[in-house]
Structure formats: structure tokens, C-alpha cells
Amino acid sequence: MKKPRCTTRNILQESQPRLRLLELRTEIPPRIYLAVGIAFIGAFIAAWTFLTAFELVSPIFLPAPTEVFKELWRQVGEGILWQDVSLSVYRITVGWLMATLFALPIGILMGNFRLFEGMFEPFIDLVRYMPAVAFVPLTILWAGVGDTQKFIILFIGTFFQEVLMIMDNVKTVPRELIQVSYTFGLNRWEVLFHVILKSALPGIWDTFRITIGWAWTYLVVAELVAASGGLGYRIMRAQRFLDTDAIILGILVIGVLGLLTDTLFKVTYRRLFAWMDNRN
Amino acid sequence: MLTKPIRSFLIVLLVAAMLAACSPAAVPAPAEATPEEVVVRIGTQPWIGYGPWWIAQEKDMFSKYGLKVELIDFVQDSDVNAALASNQMEAANLATHTAIKLYSAGLDIRIVLLEDASYEADAILAGADIQSIEDLRGRQIAFEEGATSDLLLNYALMQNDMSIDDVIAVPMPASDAGMTLISGRVEAAVTYEPYITEALTQGANLTRLYTAAEKPGLISDVLVVRTSFLEAQPKAARALLKVWDEAIAFYRANPEEAKAIIARNVGSKPEELVTAFDGVVFYDLAENRQQLSGEFLNTMQEVARVSQEIGLLTAIPDLTALVDTAYLSD
């Protein structure tokens, strides 16, 4: 009984292409997808303007968007913003690359060889719950007050999670795929490099995207000590001086930069793994 | 299609949920108090100068006045400020310059009590090769921006015709500054007790280069209370200050026990704080009646001037309006 009904429905749908926005897991036109996203941000800013324009909240808690914009203008004019952004982007990039440089090979080893999984996982599970902020005084003793100390904090914040995620990415490669490859006469190393890694790479790329996002969230912790520039430092200083407009500006700038890095990884993902779409 | 009873049930549920969401968020404390009790939430930080409040709490000095006092612990200035500004507390122990800053930012608060002044308990520490403030020129100095350390450093530099641009600022929390100096990562540090004692015992060659005693009151603490609370509960405010007086009396009569209580609440051992206590001067009510409307007002002016210098204040507010001495006596 079920089959004919389904078919009728499909036919109906195709014959009258009415816009169905709330169909489960169905693609909607890209225009609408983009428009609702922009509309929501617009509504958010409108609500913010409304709250501050009628002074429903005190300016100490929430400055008006215009105040934040003025602060942006001032920081751009004095060159502070550019300085902060380049410093922070530099710290994030180096810190995250350091973490990734180690996480990638170790994660791949752990995902493929039980020997390495058994060797590293207990230790990593132990360390990854340690709060990065508690390491701040120690990192000063180890590395001083320069940029190395910031890299170490970012490393601690991202490496241990990243390793485990890469291990999981590798493990999701279907066993059948590996067995078929053996059947075709590939040897162990060929299977590892041509089958497992290639198949796991899209997942790993996604892990990169997520972990660099974490690096951004650790920025304030990294710039807690002995930084005299950077977005995290600027937020912290603004907190001490109770400059709410500068705090909000800093948060927004970090948000925008985070969004940009995210987009960068998504775009490269589509470029690098175009074959994924063909396969499905 | 839902049957009618189920539908009406769902509607009731929905309305109930909406009502629950609309009712004011559960704010703890005030509602729990019995009618005759007045709840006072005081924001505090682990600083010796706020010690008398812990003595009062452990010796149960509040209840006979019908006060239910909660001491809410913070470790950062910025968090105390936020909690006070958002009306989560009636009062707070603040450094004088922070009180002035909050007042000029538009917070409706009054200084009702001068609690303590730091003498040797705030200091610039340096190694043996630095003998004077002049020697700091071009050196790396660790200190907390916007805090008492910032004030002391800038004051010291100003007294020697220098400015912050003559040194290399290495901003960090005061709790890390001493340790960073010991590890030799910076050449000087500004911090306060108990970190000074910690640094001096571990770093063999370190000395106090400059202390807050050079300008008594520059580094001092006050009790601020929200104006709305003062207007609604003037009696409770008076009682609160009486408790402070009693706690100071206890401190002076039983220094050993009092110091042990304070040390425990600051999170240190009493023996580690011996010199720290020597560096702090407390003010009881009689001393407040002399200071708060007299000499201290001039000191506040100086504090405001240095605060403006470091960019904490854009303009100096009317300080006489900020101080209210009405609660010092009956």
C-alpha cells in the first residue's frame, strides 16, 4: 500500500514547484538561505539599537552600536586595530600549526595502529582535561614573557583534542574499503597512504577547521600575561578599565576573524574534495 | 489531528511555561531572609585590608544587628565591578581609585568608610642592580594595568620626572608579577602582599625599591554602598559600620587570632603574612570621622590625578559628592 502513495506524492511535488521551506532535510534556494542569515543578524543589531536608544539598559552594561563603531573608528585611525589583528593572527597561526604538526602524524599513527593508540591515549586523555589557564604561570617559568609562551598556551589548548579527533577521522574509514584494497593486492603501506589517508582527509580537514576555531577561543588566555598587544590583550585591558565598548568591539572582531577562517577552510574543502560530491 | 483533551492540555502546558519564563529570574538571598533581617551582599577579594569582615563573620558580629551579610569572593577587580554595576550586590570593598572610576562611569554609589591604607604592602620590587626609580629606565617591569600596581608605578615615575614610556611595560595579573620577577624573566615587578613576601623569600637579591608608604593613602581601600540601599536601609548601613569598628577592636586586642582568621581567608599561612600585616594600616570609626571628611579627600584628589594620568579616568568627578560620612555616627 505504501509505495503507490509515495509515488503520487513525488509526482505532485514535481508538478507544482511550490516553495517548501520546512521540508525535512531538503535543499532550499541559496538566495533564501543567505537572506535568512543576514536577516537574523539584522534583527539582532536592531534589537541592540532599540535597547540602547531608549536607554532600557545602562550604557555601562551595553553601549550603543554607534559607540562601538566610534571605538572601531578610533582604533582603526590610531592603527591599534591593525596591529592587534596582525599580532593575534600571527600567534594563532603559529600556535595552531605547532599543534597540528604534532597532532597529524600522532593522530594517524593512533588511528591505524593499536600499539600507538595504547601508548598515547591514556596520557592524552589525562592531559586534555587540564585547564589551559592553569598552565599560564608555568609557561612563564618555562618560556618567559615572549611570544613562545603564547604559542605554548595555544598548543596546550588545541593539541590534545586535535590528536583524538584526527585518530577518530582515520578510524571512520570503512573496514570493507581496506579489505577490498588488500584483495586488489595492495600492500600495507599502499593501503595506508592511498586508501586510508585519502579517504580520511576530508574529515581531517574538517578537524583543522574546528580546532583552529578553538585556538581563537584560547586567545584571551594566551594573551593574559605579558602581552602588550593583540585582540585578547585589548579585551582584557578594556575589562580592567571598564570600557564596555572596547570589550564588545574586541569580541566582535574576534568573531569576524573566526568566521573568516572558518569560511576559508570550508571553501578550500570544496575545492580539495570535489570528488566527494561525484561519489555520492 | 490531536484530540481535544490533549490539545487543551498542551495549551495549558504552553501557557504555564510562558508564565514561568516571564516571572523574574530567581535571584538568591534576599527572598530567603526573615522579615527583620537585612541582607547585605559585599563583594570582596583576597586582600588583607578587607580582613575585618572575615573576623566579623567568624565571630558572628552581624546577627545582633539583624544583618545577614554574605561576603562574595572575587579574584579580579573587573568581576567585582561588573557584579556591583549589575545590582547583584549592595556593597563592595574596592580600592579607592576603582571606586572613583565606577562613580565617574555613572554608578550610583557612595564611599561610606575608609577601610585601610597600604604602606609597605604595595611595592615595586627589583634586583640589586636597580637602586633607584631612575635606574628603571628602559627596563622590563611586570605589573597589572588599571590596578593599584599601575597607580603606584606611575606615581613613582611621575615623582622622578619620568613616565611609563620610559620603561618597558609587561602587563600581567599582580599574582603572576612576583613569580615572573623571581624567574628572571623581567627586571622589576610591581605587586602587593602576600605576593611581595613570597617573592622576597624566594628571590634572594630582591628588594623593595619603592613602596606605597611614600604617599600614604594612594593605595587605599574603601567600602562603597549603593545609594539605593543607603536610602532604603540607613540603619543597616550604620550597623554595618559598627560591626567594622568592633572587628577592628578585636584585631587590635587579639592580633594573633585575628591574623590567623585573615590569613586563612586570604589563602595563606599566618607566618607568611607577618610582614604583610605590618604594611597595612586599618582605620576604625573614630579615625574615619577625622579622615574621611578631611585629609583623605585631598588624598583622593591625588589618586584621581594619577588615575587620569594612566588613562583610567577621562575627567575627575566631584569627589566630595562621592563621600558620605553620615553613617559613621548615629
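Two residues are taken to be in contact if their C-beta atoms, placed from the backbone, lie within 7 Å. By that criterion, 16 residues of chain A are in contact with 23 residues of chain B. Helix H6 (136-143) and helix H11 (231-240) of chain A each supply at least two residues of the side of chain A that touches chain B, where helices (H or I, at least four residues) and strands (E, at least two) are DSSP runs numbered from the N terminus. The residues on that side of chain A divide into 10 nonpolar, four polar and two charged, with Ala, Val, Leu, Ile, Met, Phe, Trp, Tyr, Cys and Pro counted as nonpolar, Asp, Glu, Lys and Arg as charged, and the others, Gly among them, as polar.

The model is predicted, and local features need pLDDT of at least 70, while side-chain atom pairs count only at pLDDT 80 or more and totals for chains, interfaces and linings use all residues. Residues are numbered from 1 along each chain as its sequence is written, and chains are lettered from A and ligands numbered from 1 in the order in which they are written.

Chain B has a secondary structure of 14 helices and 11 strands. Of its 330 residues, 48% are buried, a residue being buried if 20 or more other C-beta atoms lie within 10 Å of its own, exposed if 12 or fewer, and partly exposed in between, with C-beta atoms placed from the backbone. Among contacts in chain B between residues at least 6 apart in sequence, 80% join residues at least 24 apart.

One part of chain B is an open sheet of five strands in the order E7-E6-E8-E5-E9, with mixed pairing; two strands pair if DSSP finds at least two bridges between them. Because E7 and strand E9 (207-211) of chain B stand at the edges, each with a single partner strand, one side of each is left without a neighbour in the sheet. From one strand to the next the twist averages 30°; axes are lines fitted to C-alpha atoms, for helices over the stretch in contact, and angles run from 0 to 180 degrees between N-to-C directions.

Within this sheet, strand E6 (residues 140-143) of chain B runs parallel to strand E7 (residues 168-171) of chain B, joined by four bridges, and Ala142(B) has Val170(B) as its bridge partner in E7(B). E5(B) and E8(B), by contrast, pair in the antiparallel sense over five bridges, with Ala126(B) opposite Ala188(B) in E8(B). Helix H6(B) packs on the sheet, touching E5, E6 and E8 of chain B, and its direction makes about 140° with that of E8(B). Helix H5(B) lies across E5, E6, E8 and E9 of chain B, running at about 65° to E5(B).

In helix H7 (residues 195-202) of chain B, Tyr195(B), Ile196(B) and Ala199(B) are buried. Seen down the axis of H7(B), these buried residues fall within an arc of 100° (the arc of the directions from the helix axis to the C-beta atoms), so they line one face of the helix. Their cover includes strand E5 (122-126), helix H6 (174-182) and strand E8 (188-192) of chain B.

Strand E4 (residues 109-118) of chain B has 10 of its 10 residues buried, so it is largely enclosed by the rest of the structure. Seven bridges join E4(B) to strand E10 (residues 220-226) of chain B in an antiparallel arrangement, while three bridges pair E4(B), also in the antiparallel sense, with strand E11 (residues 280-282) of chain B.
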